[in-house]
Structure formats: C-alpha cells, structure tokens
Amino acid sequence: LKSLLSTVRVRIYNQVPFGRGLGSSGCAVVGGVLLAAQLGGRQLARDELLSVCARFERHPDNIAPSIYGGAVTARMRSGGSGGGGGGVGGS
C-alpha cells in the first residue's frame, strides 16, 4: 500500500463552501474514509461509515447528512467503543 500511495495523486473538489457552517469538513472526512476503505478493499455499511468518520470529525451533524442525505439529527454518546471517543447515534 505504501508504494501505491507514493505513486497516486488525488485531486479533491469539495462543492460545499468552506467556513459557512454547511458541513464541508464532514464531506471531506466522508470522502477520505471512503477512499481509504476502497484502497483497503473494504465496504462499509452506512452506520459503520458514520462511526469511523466521527473519530476524525467530532461533529456528527456535519457527517450524517453527507452519508444519509436530507435532514438528520445526530449526537455523540459518552463512553462508547473505539479510540477514546464516544459512539454516535443518529436518525
């Protein structure tokens, strides 16, 4: 994988405006996690994708619309499993 990454260039175009509270960082995180999953040969279910992305972007309200579309609610749970953060709940 390391040799592959040294020869690959990725250009990302995020159509969500930066710095306006519209979730551009969440979109970028979702895109990055999906790219990593693809390179690693993994397919992530939406709920798993949300949980992984929440480790990087601590605002599930920015991530969830990028994954599920439409209007969503999301919250971080204290405790939870994985990397020191809480779990994620949403609807």
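1. Ile63 touches Gly26, Val30, Leu50, Cys53, Ala54 and Glu57, leaving aside residues up to four places away in sequence, where a contact means heavy atoms within 4.5 Å. This is a predicted model, in which local features need pLDDT of at least 70 and side-chain atom pairs count only at pLDDT 80 or more, while totals for chains, interfaces and linings use all residues. Residues are numbered from 1 along each chain as its sequence is written, and side-chain values use heavy atoms, with hydrogens and water left out.

2. Ile63 is also one of the members that touch the most other members of the largest nonpolar core, alongside Val30, Val33, Leu49, Cys53 and Ile67, in a set of 13 residues. Such a core is a set of buried Ala, Val, Leu, Ile, Met, Phe, Trp, Tyr and Cys residues joined through side-chain atoms within 4.5 Å; buried means under 20% relative accessible area, exposed over 50%, and partly exposed in between, with a 1.4 Å probe and protein chains only. Two or more residues each come from H2, helix H3 (46-54) and helix H4 (60-68), and H3 gives the largest share, five residues. Helices here are DSSP runs of H or I with at least four residues, numbered from the N terminus. In soluble globular proteins, nonpolar side chains tend to be buried together.

3. Within H4, the buried residues are Pro60, Asn62, Ile63, Ala64 and Ile67. Pro65, which lies in helix H4 as well, counts as partly exposed because its relative accessibility is 31%. Its contacts, not counting residues up to four places away in sequence, are Pro60, Gly70 and Val72. Pro65 and Cys27 are 38 residues apart in sequence, yet their C-alpha atoms are 8.7 Å apart in space. After H4 comes Gly69, with a positive phi near 80 degrees.

4. Which residues does Ser24 touch, not counting residues up to four places away in sequence? They are Asn14, Val16, Pro17, Phe18 and Gly19. Ser24 belongs to helix H2 (residues 24-39), and it counts as buried because its relative accessibility is 10%.

5. Leu35 lies in helix H2 too, but at 36% relative accessibility it counts as partly exposed. Together with Val8, Val10, Ile12 and Leu39, Leu35 makes a nonpolar surface patch of about 440 Å². Patches of this kind join nonpolar side chains (Val, Leu, Ile, Met, Phe, Trp, Tyr) within 5 Å, from residues with over 30% relative accessible area and no salt bridge, a salt bridge being a side-chain nitrogen of Lys or Arg within 4 Å of a carboxyl oxygen of Asp or Glu. Accessible areas come from the Shrake-Rupley method with a 1.4 Å probe.

Definitions and conventions
Patches are made of residues with over 30% relative accessible area and no salt bridge: like charges are joined within 9 Å, nonpolar side chains (Val, Leu, Ile, Met, Phe, Trp, Tyr) within 5 Å.
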